[in-house]
Amino acid sequence: MEWVIGIALGVLTIIWLAMEFATYEDNGEGFRSYFLGFKKYVVVATLLFAKGGILYYGFLMK
């Protein structure tokens, strides 16, 4: 059951991080600009989490 909580916290963190990046990039240009930035940064945040997981399990779990 702990893994479900961990996955949920990871997904929420990715969404939060993408929202923060999109807010920074938006500069008050409207919802369309914000949503496009959000979609872009969801991918970026997911890739950051994937790289972090690879580094963690590749180097620290030996």
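1. Phe 35 has its place in helix H2. Helices here are DSSP runs (H or I, at least four residues), with strands (E) needing at least two, numbered from the N terminus. Phe 35 is partly exposed, at a relative accessible area of 38%. The cut-offs: buried is under 20% relative accessible area, exposed is over 50%, and partly exposed lies in between, with a 1.4 Å probe and protein chains only. The C-alpha atoms of Phe 35 and Met 19 are 9.1 Å apart, and 16 residues separate the two along the chain.

2. On provenance: this is a predicted model, in which local features need pLDDT of at least 70, side-chain atom pairs count only at pLDDT 80 or more, and totals for chains, interfaces and linings use all residues. Residues are numbered from 1 along each chain as its sequence is written, and side-chain values use heavy atoms, leaving out hydrogens and water.

3. How do H1 and H2 cross? The axes of H1 (residues 2–26) and H2 (residues 31–60) come within 7 Å and cross at roughly 135 degrees. That makes H1 oblique to H2. Axes are lines fitted to C-alpha atoms, for helices over the stretch in contact, and angles run from 0 to 180 degrees between N-to-C directions. Under 35 degrees counts as roughly parallel, over 145 as roughly antiparallel, 65 to 115 as roughly perpendicular, and the rest as oblique.

4. The H1–H2 contact (heavy atoms within 4.5 Å) includes Gly 10, Ile 14, Leu 17 and Phe 21 from H1, and Gly 37, Tyr 41, Ala 45 and Phe 49 from H2. By class, the contact has 13 nonpolar, six polar and three charged residues. Ala, Val, Leu, Ile, Met, Phe, Trp, Tyr, Cys and Pro count as nonpolar, Asp, Glu, Lys and Arg as charged, and the others, Gly among them, as polar.

5. The structure holds four aromatic pairs. One of them is Phe 21 with Tyr 41: tilted, 5.2 Å centre to centre, 55 degrees between the planes. Rings of Phe, Tyr and Trp (its six-membered ring) pair if their centres lie within 6.5 Å; planes under 30 degrees apart are stacked, over 60 edge-to-face, the rest tilted. This pair links distant parts of the chain, with Phe 21 in H1 and Tyr 41 in H2, 20 residues apart. Phe 21 is partly exposed at 31% relative accessibility, while Tyr 41 is buried at 18%.

6. Tyr 56 and Tyr 57 also pair, edge-to-face, at 5.0 Å centre to centre and 80 degrees between the planes. Tyr 56 is partly exposed at 38%. Tyr 57 is exposed at 57%.

7. Val 4 sits in helix H1. Val 4 is partly exposed, at 36% relative accessibility. Its C-alpha atom is 20 Å from that of Ala 45, 41 residues away along the chain.
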